[in-house]
Amino acid sequence: MANKLSVVFAALASSTALFAANANAEATLDKVMKQGYVQCGVSAGLPGFSNPNAKGQWEGLDVEFCQAIAAATIGDKSKVKYIPLTAKERFTALQSGEIDVLSRNTTWTLHRDTSLGLNFTGVNYYDGQGFMVKKDMGIKSAKELDGAAVCVQSGTTTELNLADYFRVNGMTYKPVVFDTAPQTSKGFDSGRCDVLTTDQSGLYALRLNLKDPNSAVVLPEIISKEPLGPVVRQGDDQWFNVVRWTLFTMINAEEFNVTSANVDKLAKESKDPNIRRLIGLDGPKGKGLGLKDDWGYQIIKQVGNYGESFERTVGEGSPLKIKRGLNALWTNGGIQYAPPIR
Ligand SMILES: N[C@@H](CCC(=O)N[C@@H](CS)C(=O)NCC(=O)O)C(=O)O
């Protein structure tokens, strides 16, 4: 009996402890509201994704996503504290609570989504790994890279894909490993390696930083899937939902042609139920997320829809000039698709 009772007590105690741990972990939204800003982990310097401009202000697709979370929660897109992180530092920063969300060209993989205690909330950029070589090498395909010295960044999916690709194709290579993107592109520029490999978006970005961007070409092969997206800690469903529905709102807003420029007019005039729900005039509004009813309106008004953000940061309106490709909406030949707001 005593034994049975102590088992029951032990079970009760451990479930209480578990509940307490969960209750603590549930508090990211409360914490953000209390501190008055979102602590957002970003890349230290990757043009188009997150990069400080000449005035020292952070810019890029991942930066704008941080701003969208701040607009949805606090109601002010400027309430973000940016924490630049290398690839190696990023997951510990999230696990330890140093940041509230990681918005840093990070690939969604099984290992990261499970064993690291983290959850990917969606995909804000469908990418794939590629190679960049010096034009004067005259190389046309990655299959000609046998024996090459390859510049690569540590702590990334890139390192593993590189090893897989060369092994599968019966080729050897010499890795030249760096900790940051600027070091990696400098290594390539100064001739430490023949090839630089990273996500294709990163190749376009790093190419801009070369002494002569025209001296390098990007090879046609894409050797992996790199779905990049925002990440949160496991065990905080409310915050997970806030972050993922911020992304879905940006994508849905593009689908329904709601932009930062026309959202006020549509709020007054539109009878379209999809648009009215998107900006919180009808439908589930903010209650389920623990946000104000205008959370979607604030994202669109202050930051814009997904297409606006894409074009401004990495697309035709940016120095990178990346085409929408896979990142076009599903209604436009791409695979960006968000569940409905209803
Ligand atoms: N998507 C890959 C690669 C991400 C990555 O860190 N890429 C480098 C090379 S483009 C980078 O962004 N560096 C920026 C920095 O170090 O601040 C991953 O999640 O592992």
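Start at the ligand. It is surrounded by 20 residues, and the closest are Ala-44, Ala-87, Thr-156, Ala-181 and Gly-202. Select the elements that give two or more residues to this shell: α6 (157–168), β11 (195–199) and β13 (226–228). Then colour the shell by class. Five of its residues are nonpolar, 13 are polar and two are charged. Keep in mind that this is a predicted model.

**The two domains**

Next, colour the chain by domain. Domain 1 covers 28–126 + 228–332, and domain 2 covers 129–224. Their C-alpha centres lie 29 Å apart. Select the contact between them: 18 residues come from domain 1 and 15 residues from domain 2. On the domain 1 side of this contact, look for 10 nonpolar, seven polar and one charged residues.

Where does the ligand lie relative to domain 1 and domain 2? Both domains give residues to the shell around the ligand, so the ligand lies between them.

As a general point, nonpolar side chains in soluble globular proteins tend to be buried together.

Centre on Cys-66. Leaving aside residues up to four places away in sequence, Cys-66 touches Val-38, Cys-40, Val-42, Val-80, Tyr-82 and Ser-103.

**Strand β1**

Select strand β1 (residues 38–43). Is β1 enclosed or open? Six of its six residues are buried, so β1 is largely enclosed by the rest of the structure.

Strand β4 (residues 80–85) pairs with β1 in the parallel sense over six bridges. Find Val-38 and look across to β4: its bridge partner there is Val-80. Strand β5 (residues 101–102) also pairs with β1 in the parallel sense, over two bridges. Here, Gly-41 has Leu-102 of β5 as its bridge partner.

**Strand β8**

Move to domain 2, which covers 129–224. Select strand β8 (residues 129–134). Five of its six residues are buried, so β8 is largely enclosed by the rest of the structure.

Show the partners of β8. With β11, β8 pairs in the antiparallel sense over five bridges. Strand β12 (residues 216–218) also runs antiparallel to β8, joined by three bridges. Now label Val-133. Its bridge partner in β11 is Val-195, and in β12 Val-133 stands opposite Val-217.

**Helix α12**

For the last stop, select helix α12 (residues 295–302). Six of its eight residues are buried, so α12 is largely enclosed by the rest of the structure. Which residues of α12 are buried? They are Trp-295, Gly-296, Tyr-297, Gln-298, Ile-299 and Ile-300.

Key
Residues are numbered from 1 along each chain as its sequence is written. This is a predicted model: local features need pLDDT of at least 70, side-chain atom pairs count only at pLDDT 80 or more; totals for chains, interfaces and linings use all residues. Domain bounds come from an automatic or database domain assignment. Two residues are in contact if their C-beta atoms, placed from the backbone, lie within 7 Å. Ala, Val, Leu, Ile, Met, Phe, Trp, Tyr, Cys and Pro count as nonpolar, Asp, Glu, Lys and Arg as charged, and the others, Gly among them, as polar. A residue is near a molecule or strand if its C-beta atom, placed from the backbone, lies within 6 Å of it. Helices (H or I, at least four residues) and strands (E, at least two) are DSSP runs, numbered from the N terminus. A residue is buried if 20 or more other C-beta atoms lie within 10 Å of its own, exposed if 12 or fewer, and partly exposed in between; C-beta atoms are placed from the backbone. Two strands pair if DSSP finds at least two bridges between them.
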